[in-house]
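Dear colleague,

I am passing on a structure that you have not worked with before, and I would be glad if you could look it over.

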Amino acid sequence: MAYVQVENAVKYFSREDGTDMLVLDRVSFDTKEFGITCLLGPSGCGKSTLLNAISGLERLDQGRVEVISNHGSAPSHSPRLGYVFQDPRLLHWKSVEENLTFALKGMSIPHAEWSDRLRKYLEIVGLSEFRNQFPLYLSGGMRQRVGLARGLVIEPEVLLMDEPFSKLDQLTARRLREETLRICEHLKQSTVLVTHDVEEAAYMGDRIIILCARPAGIVDILENPLPPGARDVDDLQFIAFKKRLLQSVLKLMEKDEVPS
Amino acid sequence: MKIVTCASPINNAAFTMLTAKIEHNRLPTVMAREEKALAASVQAPLATEGSAIPARSKMGHGREAAWTTGLRIASILAMLLVWWALTFFFPPSLIPHPIETFSEVAAIVSTGQFFTEMGATLRRVGVGFAIAMLVSIPLGILMGTVKSLENFFEPPVILGLTMPGLVWAVMMIMFFGLNETSAYAAVAVTIFPMLTISLWQGTKSIDKDLIDMSTAFHAGPWSKVVDVILPQLVSHILAAIRYGLGLAWKVVVVVEMFGFSNGVGYQVVRGFNVFSMKQVLAWAITFLVVMIIIEFGMIGWLESRITRWRPRVEAWRR
Ligand SMILES: Nc1ncnc2c1ncn2[C@@H]1O[C@H](COP(=O)(O)OP(=O)(O)OP(=O)(O)O)[C@@H](O)[C@H]1O
Ligand SMILES: [Mg+2]
């Protein structure tokens, strides 16, 4: 098992006019013991920035981020990290399958496993038929699913997902949520999932972290009372939890409201 | 429920969350029923049973290609017509008749002279081009990625661009003497700045998000260049090759005119020395034909092969 530890993360960006803009305001959390941690917050608050910091693509101004492996094995072992980006970020000159092998190659997955993994994850996202197609000939939702498959196919120990279901229709999204939940549990992944959608957070998250508008800071942390297997969108207990989540979000909005 | 109308940055999110609230406050049974209906409707299209699968429209493709070819042929015929018309106003020593000129072309080709002379010229262009590419591609990529290298190399590259090919040709012949090396060097030096600039600008327009993606998936430096950077530069490289070929032809002909004993440029000078416009034109025409074959045949083919992944733009480019 591996997990993410974020301590006191502070991040500034520069505005056009050279002034500093605080994006992350002392964010601390870890994903220890938790399968899926959901980050729920309004648009532009800094969720993607936080994921970028965890993946090492963005440097923090203060605080630190660590991806820790409590493998007990060699300390040199750095946990494998998968990233499903908000925009799919596909290599347009490579076919669907080649986009996945690009990740397999980079992550040094043994060549012998490639074909089995490709078959399995393309099947899961429902793109087996399109494996030789180029991304620009696919629909927006299909491209998003390629990005999802690329994050999953390397079977990472830590999985970062940035609104991976946002461009999909309700039924496809629901099926992929279930599938992702199953995969995360099976592979004992530690997952950070960014979302706007309260229901998605309640369904996917073992723990939900609510962030406020920029600068992002943690305003509330809720633990899901239901285990992954027992979450049913029509179940009353589930709906009750969703309501609690929603109330927490709405409370936050009222606080941010400018009195007129 | 409260409706948020203030101009706060979270307005969008507020909207999403409010709609979410409205939707999810409905009774579970209603939701379940709706979803069943939705699931059922997804399974089959609302077509009448047993109706045949509609045929795909294939019209227009062939006709469009024929129209394009027709326009090109018409353009060439129009040029020949103008040429022919000019023969009425000028003596044949200045404007030879098209038919006589083309029989001269036929003579050049049938004696095999065309192949030896054109071969020599093509080799000079090819070698010079290869040298320039080998230096320009890495240098252009480095200039596009490393700020200090950009600042250092910008002045010489811009200065090189403004230097006329003729001056390079003279300087290279003075430096290397009248041999093949001076021809290769003149071609390489002339097109080098232009190639470098287009690679440099192309590299600056590269999608940084894709580089981040490749970093996140631990792509090695070689894979980053070959799988991520170079494919984004292909259009820039091809455009530079096209433009560079035009420059290379011009400078190689000048070099050959200075006293080489073969090559197309030398043949043109010979035509000039005996004041035979027919011979000059005949060589110019063979030259053009070779250019067209390289441009449309080879580069065009290469481009359509390499950019197979990109949907064609012809749809709106009527
Ligand atoms: N490279 C950058 N340079 C400057 N500012 C940036 C940069 N990237 C993001 N920002 C700013 O940081 C803030 C947070 O951006 P971020 O992408 O993290 O938001 P987000 O929470 O993911 O939003 P969304 O839900 O809409 O994706 C935004 O206000 C954005 O303008
Ligand atoms: Mg984002």
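What follows is a short account of the salt bridges.

This is a predicted model, in which local features need pLDDT of at least 70 and side-chain atom pairs count only at pLDDT 80 or more, while totals for chains, interfaces and linings use all residues. Residues are numbered from 1 along each chain as its sequence is written, chains are lettered from A and ligands numbered from 1 in the order in which they are written, and side-chain values use heavy atoms, with hydrogens and water left out.

A salt bridge here is a side-chain nitrogen of Lys or Arg within 4 Å of a carboxyl oxygen of Asp or Glu, and by this rule there are 25 salt bridges over all chains.

In chain B, B:Arg242 and B:Glu295 form one of them, with the closest N and O atoms 2.6 Å apart. Because B:Arg242 belongs to helix H10 (residues 221-257) of chain B and B:Glu295 to helix H12 (residues 277-306) of chain B, the pair ties together parts that are 53 residues apart in sequence; helices are DSSP runs (H or I, at least four residues), numbered from the N terminus.

In chain A, A:Arg26 pairs with A:Asp25, the closest N and O atoms being 2.9 Å apart. A:Arg26 is exposed, at a relative accessible area of 56%, whereas A:Asp25 is partly exposed, at 24% (exposed means over 50%, buried under 20%, partly exposed in between, with a 1.4 Å probe and protein chains only).

Finally, a network of salt bridges links A:Glu113, A:Arg117, A:Lys120 and A:Glu155.

Terms used:
Helix = DSSP H or I, 4+ residues; strand = E, 2+ residues; numbered from the N terminus.
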